[in-house]
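Hi there,

Here is the structure I promised to pass on.

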Amino acid sequence: MDNVYIMTHPLIRHKITMLRDETTGTNEFRTLVGEIATLMGYEALRDLPTNDVAIKTPIETCMSPMICGKKMAIVPILRAGLGMVSGILALVPSAKVGHIGLFRDPVTHEPQEYYCKLPESIDQRTILVLDPMLATGGSACAAVDFIKQHGGVNIKFMCIIAAPEGLKKLQASHPDIQIYVGQLDRCLNENAYICPGLGDAGDRIFGTK
Ligand code: PRP
Ligand code: URA
């Protein structure tokens, strides 16, 4: 699984355990999702290209690396992906933010699109697609399909919890993208929810039911 990165850092694992806890309330849940996104973002962005530039320190002039090229695009899948945006912007404040609105049909579990808007020059950007949950993989595949149709090339997908079924589907459909997973869970249940998972991520982030 060359293009799949599963996090092992104890800080990420600890925070995911707190997310899973059904007694974790909306405010804490939201904070944790942002913090986990920052920690995972640090890992996912380690290959951002840099150029050495001349810089004058108080002591002398030297060459030192700066991130180069077109800036990044962050693309959360609505709604739950929104919870991860602040955590990535904390690392790359100048990133542009696109949005892809998808919800799962409660019966078929197929993704239904309701909104899509991407930053300009998407073909030249490193694109980080955010969604806390990769369950059947339908939403992630649809989001990456859409981005590719609009010219996106350098795509990374980041989720906090994945089911093996969804990870397999995303890899098979898009073998060219990098996939960052906080933790890989056991399976899906009969309602296509991840087990043990954390329940409905959107509802827990936004306090809805
Ligand atoms: C959740 C989650 C993913 C999707 C994952 O969103 O945030 O987008 O389900 O499931 P899949 O891998 O089977 O497609 P949901 O459809 O519940 O919408 P919401 O974020 O608006 O609550
Ligand atoms: N969407 C969620 O929010 N949770 C799941 O377990 C599966 C899909």
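Let me begin with ligand 2: one of its nitrogen atoms is 2.8 Å from a polar backbone atom of G199. That is a polar contact, meaning a pair of N or O atoms within 3.5 Å; within protein, one must be able to donate a hydrogen and the other to accept it, and residues adjacent in sequence count only if both atoms are side-chain atoms.

Before going further, a word on conventions. This is a predicted model, in which local features need pLDDT of at least 70 and side-chain atom pairs count only at pLDDT 80 or more, while totals for chains, interfaces and linings use all residues. Residues are numbered from 1 along each chain as its sequence is written, chains are lettered from A and ligands numbered from 1 in the order in which they are written, and side-chain values use heavy atoms, with hydrogens and water left out.

**Ligand 2**

Backbone atoms also meet the oxygens of this ligand. An oxygen atom of ligand 2 is 2.8 Å from a polar backbone atom of I194, and a backbone N or O atom of A201 lies 2.8 Å from an oxygen atom of the ligand. Taken alone, ligand 2 exposes 240 Å², and the protein buries 89% of that (accessible areas come from the Shrake-Rupley method with a 1.4 Å probe; for residues, only the protein chains shown count as cover). The surrounding residues are R104, M133, A135, A192, Y193, I194, G199, D200 and A201, where a residue is near a molecule or strand if one of its heavy atoms lies within 4 Å of it.

**Ligand 1**

There are 16 residues around ligand 1, and R104, D131, T136, G137 and S139 come nearest. Here I can point you to side-chain contacts. An N or O atom in the side chain of R79 is 2.9 Å from an oxygen atom of ligand 1; for the side chain of R104, the distance to a ligand oxygen is 2.7 Å. A polar side-chain atom of S139 lies 2.6 Å from an oxygen atom of ligand 1. On its own the ligand exposes 500 Å², of which the protein buries 91%.

**Salt bridges**

Counting a side-chain nitrogen of Lys or Arg within 4 Å of a carboxyl oxygen of Asp or Glu as a salt bridge, the total comes to 6. One of them involves R79 again: its side chain meets that of D203 at 3.1 Å, N to O. This pair links distant parts of the chain, with R79 in the loop between β4 (73-78) and α3 (82-89) and D203 in helix α6 (residues 201-206), 124 residues apart. Helices (H or I, at least four residues) and strands (E, at least two) are DSSP runs, numbered from the N terminus. R79 is partly exposed at 35% relative accessibility, whereas D203 is buried at 15%. Buried means under 20% relative accessible area, exposed over 50%, and partly exposed in between (1.4 Å probe, protein chains only).

K148 and D176 also form a salt bridge, at 2.8 Å from N to O. K148 sits in helix α4 (residues 138-149) and D176 in the loop between α5 and β11, 28 residues apart. K148 is partly exposed at 28%, and D176 is partly exposed at 47%. The side chain of K148 has a polar contact of 2.8 Å with that of H174 as well. H174 lies in the loop between α5 (164-173) and β11 (178-184) and is buried, with 3% relative accessibility.

Another bridge joins E43 and R46, whose closest N and O atoms are 3.0 Å apart. E43 is partly exposed at 30%, while R46 is exposed at 60%.

**Cysteines**

How many disulfides does the structure hold? The count is 0, with a disulfide taken as a pair of cysteine sulfur atoms within 2.5 Å. The sulfur of C116 is too far for a bond because the closest cysteine sulfur, in C141, is 15 Å away. For C141, the nearest cysteine sulfur is that of C159, at 12 Å. C116 is partly exposed at 22%, but C141 is buried at 6%.

**A surface patch**

Finally, F103, Y114 and Y115 form a nonpolar patch on the surface, with about 320 Å² of accessible area together. Patches are made of residues with over 30% relative accessible area and no salt bridge; like charges are joined within 9 Å, and nonpolar side chains (Val, Leu, Ile, Met, Phe, Trp, Tyr) within 5 Å. Y114 lies in strand β7 (residues 111-117) and is partly exposed, at 42%.
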